[in-house]
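Hi,

Here is the structure I promised to pass on. Have a look at it first, and my notes follow below.

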Amino acid sequence: MEKEKKSKEQLLREKSDNYVVCFNAACNKHEHCLRWQVGQHVSERVWLVKCVNQRYAPVVAGQCDCYRDDKPLVMPVGMKEHFYDDIPLGKARQIKRTLINDYGRTVYYRYHSGLLPIPPQVQAHIQMVCRQAGWTEPLHFDSETEELQW
């Protein structure tokens, strides 16, 4: 069963309950920052909000390390169908054991089954684990999706 794709407005509204937001409209990056966009969807009934400190030195200097780009990234989804097909059994077992050890059984299987898209830093880690196990061929994930990097 494929999950329904939510609109960006729905996602921003949902995140507004517990996401660190920003209200700094003077920032030169605010129009493309997810933190600022989510901040615009905080309900007037909410009395307490976690937000970026506008006096935080990098924010003041225009070098905000809290910035989250609103451009979706294409990320692979799932390792069930063909990921291990061409990898020799011994290497596949080693890779799987290492990934379960690194991410825990629950998170590994959420990546494996496609319940969680695989973000760039996890992709890089998976690639490194495969290389360390001696597998240098391209990796084959089940599909791709576009996701925002919260």
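A salt bridge here is a side-chain nitrogen of Lys or Arg within 4 Å of a carboxyl oxygen of Asp or Glu. Searching the whole structure turns up 1 salt bridge. It joins the side chains of Lys8 and Asp70, at 3.3 Å from N to O. The two partners come from distant parts of the chain, 62 residues apart: Lys8 lies in helix 1 (residues 8-15), and Asp70 in the loop between helix 3 and strand 1 (73-77). Helices (H or I, at least four residues) and strands (E, at least two) are DSSP runs, numbered from the N terminus.

Please keep in mind that this is a predicted model, where local features need pLDDT of at least 70 and side-chain atom pairs count only at pLDDT 80 or more, while totals for chains, interfaces and linings use all residues. Residues are numbered from 1 along each chain as its sequence is written, and side-chain values use heavy atoms, without hydrogens or water.

On confidence, pLDDT (the predictor's confidence in each residue, from 0 to 100) averages 92 over the protein chain, and 97% of the residues score at least 70. Helix 3 (residues 57-60) has the lowest mean, 84, and helix 5 (residues 105-113) the highest, 98.

There is also a helix pair to look at. Helix 4 (residues 89-103) packs against helix 6 (residues 120-132) at about 140 degrees, with the axes 9 Å apart. Axes are lines fitted to C-alpha atoms, for helices over the stretch in contact, and angles run from 0 to 180 degrees between N-to-C directions.

Best wishes
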